[in-house]
Amino acid sequence: MPCEAVSVADRERVLLAGYALHSADSAGRKHAEPTHLYRGPFQRDRDRIVHSTAYRRLSGKTQVFTSELGDFHRTRLTHTHEVASVSRTLGRALRLNEDLIEALALMHDIGHPPFGHAGEDVLDECLRDVGGFSHNRQALRIVELLESRYPEFPGLNLSLEVLAGQQSRADKSRKPERPLLEVQIVDAADSVAYDTHDVDDALQLGLLTLADLEEIPLWRECGERIRARYASLQTGEYRRAVLHELIDRQIGDLIVCASRRIDEWGVATTADVRRVEMIIRPNEELFQQKAELERFLYQRVYRHPQVVTGRTIAQAQLREMFRGYNAKPELMPQNFQDRAATIGLPRSVGDYIAGMTDRFAQHEFQRLFAR
Ligand code: MG
């Protein structure tokens, strides 16, 4: 190791709290690997995810709004970066393992098919007889099976804590043990990010107006704080300031509430974290306000005719593609044809379609299946 470098374990002993997951306490990987000279295990996981094919393709996948609506709204990749950014802010304030947090955040949506939840619903319907489809489970298939990076084994051979964190997203049934705080943070940050950026994108696309949002208490409250701080703002400045306030309000609340719970419940180790109730969650008032904002977004944005039209067309195309590849597997790349022998043709077709970007799916539909 370079003489001035501090070991990962030494650095974490100084910086991380006792209730954080220290890299030295990792249970390791399915396929044992020698430790790296200067990167900790979760830093390596993060790097493996960033260098994966599925991660790069997030740039071409819909978050909520498809590319027909414009170029300025979030993609699945920029959403992922915002989740990682919020997660790291929370994690640093609470002295948690930022490398583990970042790995979890960057992989959390890696299993999304083209066209977001619209695509997910179609694949779930098409694969119902063989176990259905969920983007959270697909993320695990990608990092354990579908990514091909190493000659010795399939997948990325990520640390068991990263896999367990994603597994807890995939299986929401209440478990006797709570997830690590690093896992809880990414869930909370996902919600902070999409509640805020979906409002921003909907305003930008003209699906909502500032006046519409005034009926939502959380927005109104943030707006009042901004008006108290600034005598006058142009519309665009006001909008950006309220959105900023909306993120700060949520992050600040999560840090305060989590710190209080950690103190009051005497949480000192990861074993304590697993034993007590969920620590990273907003207070009850903010929880209710967020639920109201989410109901509003659901009714006014996610079901907006402009959004629904694009979704309906995409769903019909994906259904047709699923049928088409099952009828003619030779239209798929060789590795997906080969894998069908062990996992079944429908699942392999599902894996192939799920890996596509929106644009590639549309292109392949036109090239192979359009009538
Ligand atoms: Mg997400």
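Contact here means heavy atoms within 4.5 Å, and helices are DSSP runs of H or I with at least four residues, numbered from the N terminus. The model is predicted, so local features need pLDDT of at least 70 and side-chain atom pairs count only at pLDDT 80 or more, while totals for chains, interfaces and linings use all residues. Residues are numbered from 1 along each chain as its sequence is written, and side-chain values use heavy atoms, with hydrogens and water left out.

Let's start at helix α16, residues 334-343. Phe336, Arg339 and Ala340 are buried there, where buried means under 20% relative accessible area, exposed over 50% and partly exposed in between, with a 1.4 Å probe and protein chains only. These three cover an arc of only 120 degrees around the axis, which puts them on the same side of α16; the arc is that of the directions from the helix axis to the C-beta atoms. On the other side of α16, you will find Gln334, Ala341 and Thr342 exposed. The buried residues of α16 pack against α7 and α17. Just after α16 comes Gly344, with a positive phi of about 90 degrees.

How do those two partners meet? The axes of α7 (residues 135-146) and α17 (residues 345-354) come within 12 Å and cross at roughly 100 degrees. Axes are lines fitted to C-alpha atoms, for helices over the stretch in contact, and angles run from 0 to 180 degrees between N-to-C directions. The two helices, α7 and α17, are therefore roughly perpendicular to each other, a label for angles of 65 to 115 degrees. Gln138, Arg141 and Leu146 of α7 make the contact with Arg347, Asp351 and Ala354 of α17.

Now for the metal. Which residues coordinate the magnesium ion? They are His79 (NE2), His108 (NE2), Asp109 (OD) and Asp190 (OD), at 2.2 to 2.4 Å. Donors are N, O and S atoms within 2.8 Å of the metal (3.2 Å for Na, K and Ca), and water is not among the atoms, so sites may look incomplete. Along the chain, the donors follow the spacing H-x28-H-D-x80-D. His108, in the loop between α5 (98-107) and α6 (116-126), and Asp190, in helix α9 (residues 181-204), link distant parts of the chain, 82 residues apart. His108 counts as buried because its relative accessibility is 0%, and Asp190 is buried with a relative accessible area of 9%.

Technical notes:
Parallel < 35°, antiparallel > 145°, perpendicular 65-115°, else oblique.
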